[in-house]
Amino acid sequence: MTVNPVSVEHLFHSYGPKIIYQDLSLEFEPGKIYGLLGKNGVGKTTLIKILMGFLKPKAGFCRIFGDLANAISPATRARVGLLFERHLTYNFFSIAQVERFMARFYPKWKRERYYELVDLLGLPSNHKISWMSEGQRSQVVLGLILAQDPELLILDDYSMGLDAGYRRLFVDYLREHLKDGQHTVILTSHVIQDMNRFVDDVVFLRRGGEVTVTGLEAFSSNFHCFRLPRDMVKGEVLQSKLAKLACQSAGRTLEHIINLEEHASYFELFTFNTKEEVLRDLEGLGLKASPPILTEVAMDLEDAFVGYTGRH
Amino acid sequence: MRKVAYAALMLFSILVLSLALPAAYDLIFIKPIQKTNLFFSPVLKKCIFTEQIRGFDAKAAAKSEGHHADIVYKDESGEYYDRLAFEAYLPFIYYRNMELRGLLPVTAYGQSFDRKTIEKHRRVLELKATSLDSHRPKPSCLPLIEADPGQVALLYPDDRFQSTTKGLQFINADFNAPDEKLSKLFTLALTNQGFVFPCKHIGGNFTNFKPYEGGIFLVDAKGQLFHLMRQKGEPFCTKVALPKGVVPRHVLVSEARERQWLGLVLDTQDRIWLLRQHDLALIGLETTRYRPNEMDFKLIFNPLFVTAIFSDAKKIYAQVFKLPVKDAVPFSIAQPFHSFSMSMSRSQECWQTMVAASIFPFVTTLQAENTSLLTARITSSSHYFSLSLPICLLLAIGYFFYSRRKKSPNRLAWTQIGLIAFCGIYALIPILLLDENS
Amino acid sequence: MFNVLAAIFSKEYVKTRTSMLILFALGISLAAVIYFDLNRLFMLDHPEIVWYHTLDLKQIPYGIFKYLPMLSATVFCFCQFLPEMRDERLRISLHLPCPLGLLLLAHIVYGLIFLMALMIAESGAILIILGRKYPLAYLPEAFWTMLPWCLAGIYAYLCCAWVLLEPKKKTKVLGLILGVCICTPLFQHYTPGAFSTAYLPFILGIPLLTVSLFLPALHFRTREVE
C-alpha cells in the first residue's frame with residue numbers, strides 16, 4: 001500500500017482563544033501539485049510550519065511519508081525539500097560554498113541542476129549570497145532544491161519579494177522539474193495567477209478551519225460570478241438586506257451563494273451553482289426579477305479566488 | 001536522547017543551585033561571626049572571653065556601650081563584664097590602655113609588672129590550619145634571607161630556592177636561571193649533616209620585616225629535622241635533636257627580640273613543641289583535643305603563662321601552662337594547670353540558619369575555614385529529617401497538584417515529584433522553568 | 001557521522017572565521033599588553049622585589065586576563081548562533097537529513113574546540129611570558145589560577161547557547177540563572193593555585209551541560225506555541 005506523502009488527521013490548533021483549525025483532515029496524493037490558498041490570517045503559514053515539522057499542533061497528527069511531521073526521521077527528511085519564506089538560506093556562504101555544504105548530506109545530489117540555474121545569474125562562484133538581491137537568492141535556493149531532487153516539496157510563499165521575471169523563471173524551472181509527475185508539491189503564494197501555470201489542486205482554507213479541496217480546472221470552470229445591477233434592486237429593505245449580506249465574511253452567505261460583494265452600481269454574487277439557483281435565493285430575499293438581470297462575468301483565477309474568499 | 005538530556009540538565013542544575021543558592025542566602029541573610037577571643041585572666045585566675053553574638057542578650061546589652069550590644073564579655077563561669085572591666089582583667093593584653101588609665105604597674109600572682117616587663121614577655125605564635133602543607137598550595141620557591149647582612153635591616157635575597165628530589169636548587173632573580181654553584185653549596189651543607197632528599201617540609205618566616213633572620217627548618221625524607229642559615233653567603237646547617245618517635249609535620253618560625261623561643265614544631269601525632277632559640281631544644285606542651293587539620297592554634301605568651309588556644313568552626317579550647325623556664329629539660333612536656341572549652345556563639349543557631357537548614361536539603365561548598373585549597377563537598381542539612389525533608393515533601397505534594405492542573409501526572413511528572421522530594425528547591429526551580437510537561 | 005561533522009564544521013568556519021580572527025587578535029593583543037606590563041614591572045623594581053610581590057604577596061601580574069575568556073566565549077556564541085536565530089535560519093540545518101543530536105553536537109563541539117584552542121593559546125602565551133621572568137616552579141600556580149577563568153568561558157559559551165537556542169522565555173531564564181550560578185564561584189578570589197584540588201567537578205559539568213543543550217534545540221525544532 002502506497003503511503004500518501006502528506007496526511008493531516010483531525011488537526012486542531014489555536015492561538016489563545018482564536019481557533020485556527022478544528023478537526024482538519026487532508027490527504028495529499030503523490031505526484032500532484034497543491035496550492036494552499038486563503039486570506040491572511042486563516043492559518044496557511046501555520047499549516048505549512050506544521051507540515052514542515054517546526055510547529056507542534058495542539059491536537060491531531062500530521063504525517064510525512066508516514067512519519068509524524070515533528071518527529072520525522074533523517075531518511076524521510078532527505079525526501080523532503082523545504083523552501084522557507086523569503087528564500088532563507090545561509091547568507092554567509094558563497095554560491096559554490098552553499099552547494100558544497102548541502103551536497104554532503106544528500107547522496108542523490110545533482111550538482112548540474114544547481115549550476116544550470118545558478119549560472120544564469122552570471123555571477124562568479126565565490127559571490128556571496130548576502131550580496132545578492134531577493135530574486136537572485138531565490139534562484140540559488142531553487143537550484144539547491146532541484147539538486148536535492150526531493151519527492152516532496154513544501155514551498156512557503158515562494159513568490160515573496162520576487163518581481164514578475166524571477167517569479168516566471170522560478171515557476172518555469174519548477175514546472176520543468178515536476179513534469180515527470182514523480183513529485184508532490186505543496187505551496188503557498190499570494191500571486192494567484194501563477195497557480196494556473198502548474199498547480200493541479202487547490203486547497204482553500206477559511207477562517208475557523210473550513211477547508212475545500214478541488215481541482216484547479218474544476219474550480220475555474222464550476223465557480224461563477226453573477227452581476228446584479230443595483231438599479232434592479234427595488235426597495236430599501238431589499239437593498240439593506242443585500243448590503244448586510246455583503247458585509248458578512250464569505251462562506252455560505254445564502255443557500256447557493258458563497259459570497260456577495262457590494263459595489264457602487266452593482267452586486268456581485270459568487271457561486272458553484274447555476275444562475276437559476278442563485279435567482280431562487282434572491283427571490284427568497286424578496287427580489288422580483290426575470291433571469292436576464294443577472295449577467296455572468298468571466299473571471300480569471302485571481303478573481304475567482306477573491307470571489308471565493310472575499311475581499312475582507 | 002531527550003531523556004538523557006533532561007537527566008543531564010537536572011543533575012547539573014541541582015548541583016549548581018546547591019552551590020549557588022546557599023551561598024547567596026548566606027551573603028544576604030547570615031551575619032558572619034568571627035571566632036571567640038578567649039584568654040586566661042591572671043587577675044581572675046580563670047578564662048575570660050569576648051565574642052559577637054547573633055540575636056539579643058539582655059545581660060550583655062546591660063553591660064554594653066549602647067550600639068555594641070552584640071558584643072559579649074564573659075568569663076568561664078558565666079559572669080558578664082563591661083569592656084573596661086574586661087580589659088582590666090587582661091592587663092598583659094591591654095597594658096597600653098592600662099597605662100593610659102594609670103593602672104600600671106599591675107600585680108598578679110604576687111608579682112608586679114610594668115610596661116617594659118610585659119612587652120618583653122608578650123608574644124603570640126599562631127598556627128592556622130590553612131598554613132599546613134596539606135591545606136594550601138605548595139609554594140613555588142622560597143627566599144633564604146641572609147642572616148648577617150652587615151646592616152640593621154634585612155635584605156631580600158637576589159635568589160630563591162626550591163626543593164627537588166636531588167637537593168636545593170637556587171634560582172637567581174636577575175637572570176631567572178639556576179645558580180648551580182649556590183645550589184651545590186647548600187645541598188652539600190645539608191647532606192653532610194645527614195639530610196636525605198626529598199624534603200618533606202620547609203618551615204620559616206619568609207619576610208624581611210622582622211628584627212633578625214633566625215634561619216629555616218627542613219624535614220627530610222626520613223623525618224629528621226635540620227636548621228639551615230645563610231651567613232655571609234655561606235650555609236650553616238645543624239641537625240636538631242628530636243624525641244624518640246617524634247616526626248615533625250610543620251615548623252613555625254617567628255623571630256622575636258627576646259630570643260628565647262624561635263617558634264614551634266607540630267609533630268605527626270598532633271603534639272606541639274616549643275623551639276628554644278639558643279640550643280634548638282624542643283619543649284613539649286600537652287595539648288589534648290587539638291586536631292591540627294580542623295583547628296587554628298594560638299600560643300599567647302605573657303610574663304607568667306603561656307596559653308594555648310585552639311578552635312575549630314564551632315568549639316574553642318584553652319589550656320594554660322606555666323611559662324617554661326629558660327633551662328627547661330629538652331623534650332620535657334609541660335602539663336596545663338587550667339583548661340576550659342566552650343561552644344562559640346557562631347555555632348548557635350538563629351532563625352536565619354534554621355530557615356536555611358529547612359529549605360536547603362543539602363549544600364555544596366568549595367571552601368572551608370580550615371584549608372585554602374578548594375574541595376567540592378556535599379553536606380546534608382543539619383536538620384534534614386526534622387525540617388528539610390518535610391519541606392521537600394511539601395514542595396513535592398504542591399508540585400503534584402500543580403501538574404494535575406495542567407494534565408494528569410505522567411511518568412515524567414512522577415520522576416519530577418520524586419526529584420523534588422529528594423532535592424527540594426534545587427529540583428523545583430529547573431522543573432518549573434523548563435516546563436517539560438506542557 | 002564524519003561527513004556531518006566535516007560539513008557542519010566547514011559551515012561554522014565560514015560563518016565565524018572573521019570573529020575567530022578578531023578574538024584571536026584580541027587574545028594576542030592582551031598577551032602583548034601583559035608582556036609589556038611585565039617588562040615594565042621588572043624595569044621599575046629589582047627582580048627579587050617583583051618576585052616577592054608575586055610569589056609571597058600573591059599579586060597577579062596577568063590579572064587583566066581574568067574576564068577575557070568569558071567575554072570571548074560570549075561574543076563567539078553570539079557570532080555563531082545569532083545568525084541562526086535571525087529569521088530562524090537554524091531550520092535550514094535542522095531539516096538536514098541527520099540526527100538532531102549529532103547536528104547539535106557538531107555545532108557545539110565546533111565552538112568548544114575553537115574556544116579551548118583560543119584559551120590554550122592565550123594562557124599558553126601568558127605562561128611563556130611569565131616563564132621568561134619568573135621561576136618555572138611558579139608556572140603551575142599561574143596555570144591553576146587561570147584555569148577557573150577559562151572554565152568560566154566554556155560555561156558562558158554553553159549557557160549563552162542555551163539562551164539563544166531556547167524559544168521559551170522562562171526556559172531562557174534558566175540558562176541565564178545557571179550561567180550566573182556556575183560562573184560566579186569561578187571568578188571569586190582564591191589563593192593562587194587553590195583550584196588544583198577542585199577542577200574535576202567543574203570539568204565534569206561541561207559534558208553534562210553540553211548534552212543538556214539537546215533540549216533547547218528540540219524545543220526550537222518542535223514548538224508548541226509561537
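A polar contact here is a pair of N or O atoms within 3.5 Å; within protein, one must be able to donate a hydrogen and the other to accept it. With that in hand, the count between chain B and chain C is twelve residue pairs in polar contact, both residues at pLDDT 80 or more. Please keep in mind that this is a predicted model.

**Chain C by itself**

- Chain C holds nine helices and zero strands, and its pattern along the sequence reads α-α-α-α-α-α-α-α-α.
- The C-alpha trace of chain C spans about 65 × 30 × 25 Å along its principal axes.
- Chain C has 226 residues, and 59% of them count as buried.
- About 8900 Å² of accessible surface belongs to chain C, with 73% of that on carbon and sulfur atoms.
- If you look at contacts in chain C between residues at least 6 apart in sequence, 84% join residues at least 24 apart.

**Where chain C meets chain B**

- This contact draws on 44 residues from chain B and 48 residues from chain C.
- Together the two chains bury about 3900 Å², and carbon and sulfur atoms account for 70% of it.
- On the chain B side, Phe12(B), Leu374(B) and Leu433(B) lose the most area to chain C, together 18% of what that side buries.
- Two salt bridges are found across the interface of chain B and chain C; one of them joins Arg160(B) to Asp56(C), with the closest N and O atoms 2.6 Å apart.
- Elements of chain B that each supply at least two residues to the side touching chain C are α1 (2-29), β7 (159-163), β8 (168-172) and α10 (425-434).
- The largest share of that side comes from α1(B), with 13 residues.
- By class, the side of chain B that touches chain C has 29 nonpolar, nine polar and six charged residues.

**Where chain C meets chain A**

- Here 28 residues of chain C are in contact with 32 residues of chain A.
- The buried area is about 3000 Å², of which carbon and sulfur atoms give 62%.
- Arg91(C), His95(C) and Pro97(C) supply 24% of the area that chain C buries against chain A, more than any other three residues.
- There is one salt bridge between chain C and chain A: Asp87(C) pairs with Arg86(A), the closest N and O atoms being 3.4 Å apart.
- Eleven residue pairs are in polar contact across this interface, both residues at pLDDT 80 or more.
- Helices α1 (2-44) and α4 (90-94) of chain C each supply at least two residues of the side that touches chain A, and α1(C) gives the most, with ten residues.
- The residues on that side of chain C divide into twelve nonpolar, five polar and eleven charged.

Definitions and conventions. Residues are numbered from 1 along each chain as its sequence is written. Chains are lettered from A and ligands numbered from 1 in the order in which they are written. This is a predicted model: local features need pLDDT of at least 70, side-chain atom pairs count only at pLDDT 80 or more; totals for chains, interfaces and linings use all residues. Side-chain values use heavy atoms; hydrogens and water are left out. Contact means heavy atoms within 4.5 Å. Buried area is the accessible area (1.4 Å probe) that two parts lose on being put together, summed over both. A salt bridge is a side-chain nitrogen of Lys or Arg within 4 Å of a carboxyl oxygen of Asp or Glu. A polar contact is a pair of N or O atoms within 3.5 Å; within protein, one must be able to donate a hydrogen and the other to accept it, and residues adjacent in sequence count only if both atoms are side-chain atoms. Helices (H or I, at least four residues) and strands (E, at least two) are DSSP runs, numbered from the N terminus. Ala, Val, Leu, Ile, Met, Phe, Trp, Tyr, Cys and Pro count as nonpolar, Asp, Glu, Lys and Arg as charged, and the others, Gly among them, as polar. Buried means under 20% relative accessible area, exposed over 50%, partly exposed in between (1.4 Å probe, protein chains only). Accessible areas come from the Shrake-Rupley method with a 1.4 Å probe; for residues, only the protein chains shown count as cover.
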